Amino acid sequence: MRGTCVRGLLGPQNRHLWFWIFIGPFVLGLTLFTYVPLAWSVYLSFFDAHNTVSPTDFVGLDNYAAMLGDDAFTDSLVTFLVFTAFIVPATYALSLSLALMVNRLRWAQAFFRSVFFLPVACSYVVAALIWKMSIFNGVRFGLANTVLDWFGADQIAWLSTTDPPWYWLVIVTVRLWLQAGFYMVLFLAGLQRISPRLYEAAAVDGARPGWQVFRHITFPQLRATSVAVVLLLVINAFQAFDEFYNLLSDSRGYPPYARPPLVYLYYTALGQGQNLGLGSAGAVILALIIAVVTVVQARWFGLGRKDD
Amino acid sequence: MSMSRRRLLGAGGGLALTGALAAACGSNTGRDGDDHAGQPVIKQWYHQYGEPGTEQAVRRYADAFEKANVQVQWRPGNYDQQTAAALLTKSGPDVFEVNGPTLDQIQGGQVVDLTDLLSEAKDDFNPAVLAPKTYQGKVWAVPQVIDTQLLYYRKSMLKASGVEPPRSLDALIDAAKELTTKDVKGLFLGNDGGPGVLGGTPLNAAGLTLVTEDGKVGFDDPAAARTLGKLRQLYAEKSLLLGAPSDWSDPAALTQGLTAMQWSGLWALPQVKKALGDDFGVLPFPQDGAHGAPAVPVGAYGAAVSARAQDKAVAKAYVKWLWVERTDYQEDFALRYGFHIPARISLATKAAKLRQGAAGEAVRFVTDHGHAEPLLWTSASRTAYQDALSRIIKGGADPDGELRSVVRKTEAELRRVKKKS
């Protein structure tokens with residue numbers, strides 16, 4: 001009987017055994033470090049959990065009500081929307097343009113592909129500090145202000161001015177620099193999947209190279225890649241933390257503007273307040289928003305339909 | 001020579017085993033000798049001080065403690081958040097310095113009552129910094145050193161512009177405007193324009209407090225909106241330096257000539273003196289209104305014992321030995337590396353370095369005009385207040401409306417913490 005059980009567990013030719021040897025450690029890690037903390041966070045969200053992860057005071061939906069009624073949290077969601085409105089189209093346009101340029105190169109294509117891809121390897125923290133301290137600092141010897149000075153313009157405190165909100169320029173450009181190369185590679189892969197016969201047929205039909213071919217052949221053929229890129233960009237925008245935190249925070253905290261949801265939740269749950277119940281409720285709300293937006297967007301673009 | 005996968009794994013396994021044996025034999029203690037072998041271990045955490053020599057000093061003190069093996073951890077980065085998170089786990093420190101502890105940490109039972117450590121020495125600790133470490137008559141951390149913040153100004157720049165050192169908030173606003181040129185700004189209150197570092201100081205200068213002694217909101221008063229509204233003027237008139245490479249805690253903006261006046265810490269005084277010689281003076285934050293008074297914030301890192309400490313008795317004995325009995329170490333720690341005021345009044349009054357010039361004035365400001373953040377001023381209240389101050393200064397938001405919302409938030413926080421007590 002025992003032998004039968006073991007044989008059943010191992011499966012024919014030990015396939016089950018090898019499956020679990022290879023997959024088991026990852027399943028274990030995923031469970032321990034992702035699913036258990038996730039479930040624990042949902043549990044904490046229903047308790048008054050100041051400075052504790054094993055609370056006893058059940059408060060029901062109070063934390064959810066408090067978070068949804070908190071102006072700072074709703075403001076952080078608006079920050080995310082503004083950031084998304086800037087970064088998604090900008091990254092999309094830049095990475096597609098780079099991909100089109102690199103794809104047309106007859107020589108040194110690998111070199112330029114690497115050059116544009118290299119910033120992806122740079123840490124968000126390092127890039128944010130370079131942007132903050134040397135390019136966009138607010139004094140006369142910052143790179144951006146030096147250039148302005150050549151044209152006789154006044155110095156700008158890029159990260160400290162809210163009217164006009166120059167900090168958006170800093171935040172968007174650092175992320176553009178860091179991520180455009182990655183999406184360029186995705187577009188390059190998409191471009192290389194397009195059959196040359198389509199272009200030949202278009203040429204035979206008299207289509208002019210350039211905008212006309214791009215509009216009627218290239219762009220429609222990149223539809224699947226475009227949907228994936230936009231989905232990834234939106235999810236990444238929701239998860240924005242590193243560059244915001246390193247550009248705008250100081251030892252005393254974070255200004256109320258340009259504070260995305262994750263930064264706000266970080267201060268709520270892990271800052272000196274250590275309100276882990278409230279922070280967890282915010283995390284659950286944010287996760288639900290991301291899930292709903294992703295599903296709606298996927299449906300809207302028709303991701304997963306048979307014709308894709 | 002080629003190496004097969006089996007030999008490579010064997011060699012790797014051998015190295016791992018050697019490492020494990022070495023660790024098990026205690027070779028990796030980070031110490032030169034083994035004077036403390038077999039003794040209880042105390043993990044002690046410090047935040048990263050900027051002054052050279054401080055780390056070596058605290059390791060030297062730890063080595064001199066004979067009853068335990070004290071392992072010092074010098075922790076760069078966001079220290080307050082690191083300790084707050086570590087106190088939830090068993091791997092946190094036994095003894096740690098803390099810019100608090102916060103009321104939530106005390107009420108959450110995360111720190112140990114240290115009242116008995118002070119005994120007869122209690123009266124010798126500066127009451128301004130002992131008060132925020134005291135809750136319901138019990139002391140929850142032993143103050144180590146006192147820090148304060150001051151308004152530094154360049155005498156030569158003020159003289160060249162015919163500006164007197166400002167003694168009122170209105171005079172400060174006028175002076176900052178007068179001192180601003182194309183390359184030099186009048187005043188530096190931090191890269192955020194002031195909300196972060198100033199905190200409750202402008203309210204103190206208007207004769208108000210964050211939380212009253214009987215536990216009520218201390219700034220529900222028209223004077224608060226008036227004073228905070230004036231800070232907007234500094235920003236609107238472009239008199240503030242913003243976006244400097246280093247923030248308010250570093251005196252570089254003043255010493256490099258980017259600003260004529262800067263709000264910074266007492267710790268910056270030696271650096272300022274070295275760079276500017278006698279070409280500088282210090283002032284408290286100037287008063288505002290008929291009921292106002294000059295103000296400086298005071299605070300103190302204190303030594304606390306975690307409620308999860310393995311051996312609380314030994315940890316408490318160590319804190320008593322280091323910060324109550326060894327006054328020579330306290331004086332060394334406060335004055336030899338950086339520049340702080342010792343928490344013990346007897347040490348502060350006899351220290352020669354604190355008697356003359358700007359340092360002497362700073363000590364007087366602390367005594368006459370010092371305000372510590374009340375223990376009841378919680379993190380949530382602080383965030384709401386700083387957000388409001390930022391919106392007033394940078395966005396030109398209505399101070400009355402902003403403060404009404406902060407008062408409501410603070411009242412809710414006060415109700416919450418009182419319910420727990």
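Predicted model: local features only at pLDDT ≥ 70, side-chain atom pairs only at ≥ 80, totals over all residues.
Chain A comes first. Its 308 residues are arranged with 14 helices and two strands. A compact globule of 308 residues would have a radius of gyration near 19 Å, yet chain A comes out at 25 Å. Along the principal axes, the C-alpha atoms of chain A take up a box of roughly 70 × 65 × 35 Å. Buried residues account for 42% of chain A. Of the contacts in chain A with a separation of 6 or more, 65% join residues 24 or more positions apart. The chain shows about 17,400 Å² of accessible surface, and 69% of that belongs to carbon and sulfur atoms.

Arg175(A) belongs to helix H8 (residues 167-193) and Glu243(A) to helix H12 (residues 242-248), so the pair ties together parts of chain A that are 68 residues apart in sequence. Both partners are tucked away: Arg175(A) is buried at 5% relative accessibility, and Glu243(A) is buried at 0%.

Chain B has 421 residues, and its radius of gyration of 24 Å agrees with the value near 22 Å that a compact globule would have. Its secondary structure runs to 19 helices and 12 strands, and its C-alpha atoms fill a box of roughly 75 × 60 × 50 Å along the principal axes. In chain B, 54% of the residues are buried. Residues 24 or more positions apart make up 75% of the chain B contacts with a separation of 6 or more. The accessible surface of chain B is about 18,400 Å², with 51% of it on carbon and sulfur atoms.

For a look inside chain B, take Thr201(B), which is found in helix H10 (residues 201-205). Thr201(B) is buried, because its relative accessibility of 2% is under the 20% cut-off. Leaving aside residues up to four places away in sequence, Thr201(B) touches Trp263(B), Phe285(B), Ala295(B) and Pro297(B).

Salt bridges turn up in chain B too. Asp170(B), Arg226(B), Lys230(B) and Asp288(B) are linked in a network of them. Elsewhere, Arg391(B) pairs with Glu402(B), the closest N and O atoms being 3.1 Å apart. That pair ties together parts 11 residues apart in sequence, as Arg391(B) lies in helix H18 (residues 379-395) and Glu402(B) in helix H19 (residues 399-420). Here Arg391(B) is partly exposed at 30% relative accessibility, whereas Glu402(B) is buried at 15%.

Then there is the meeting of the two chains. In all, 34 residues of chain A are in contact with 39 residues of chain B. The chains bury about 2,900 Å² between them, 45% of it on carbon and sulfur atoms. Asn51(A), Arg252(A) and Gln272(A) supply 26% of the area that chain A buries against chain B, more than any other three residues. Two salt bridges run between the chains. Arg259(A) and Asp387(B) form a salt bridge, with 2.6 Å between the closest N and O atoms. Over all chains, the count of salt bridges is 21.

How values were computed. Residues numbered from 1 in each chain as written. Chains lettered and ligands numbered in written order. Heavy atoms only, no water. Helix = DSSP H or I, 4+ residues; strand = E, 2+ residues; numbered from the N terminus. Rg over C-alpha atoms; globule rule 2.2 N^0.38 Å. Buried < 20%, exposed > 50% of the residue type's maximum accessible area, 1.4 Å probe, protein only. Contact = heavy atoms within 4.5 Å. Areas by Shrake-Rupley, 256 points an atom, 1.4 Å probe, with all protein chains shown as cover. Buried area = accessible area lost by both parts, 1.4 Å probe. Salt bridge = Lys/Arg side-chain N within 4 Å of Asp/Glu carboxyl O.
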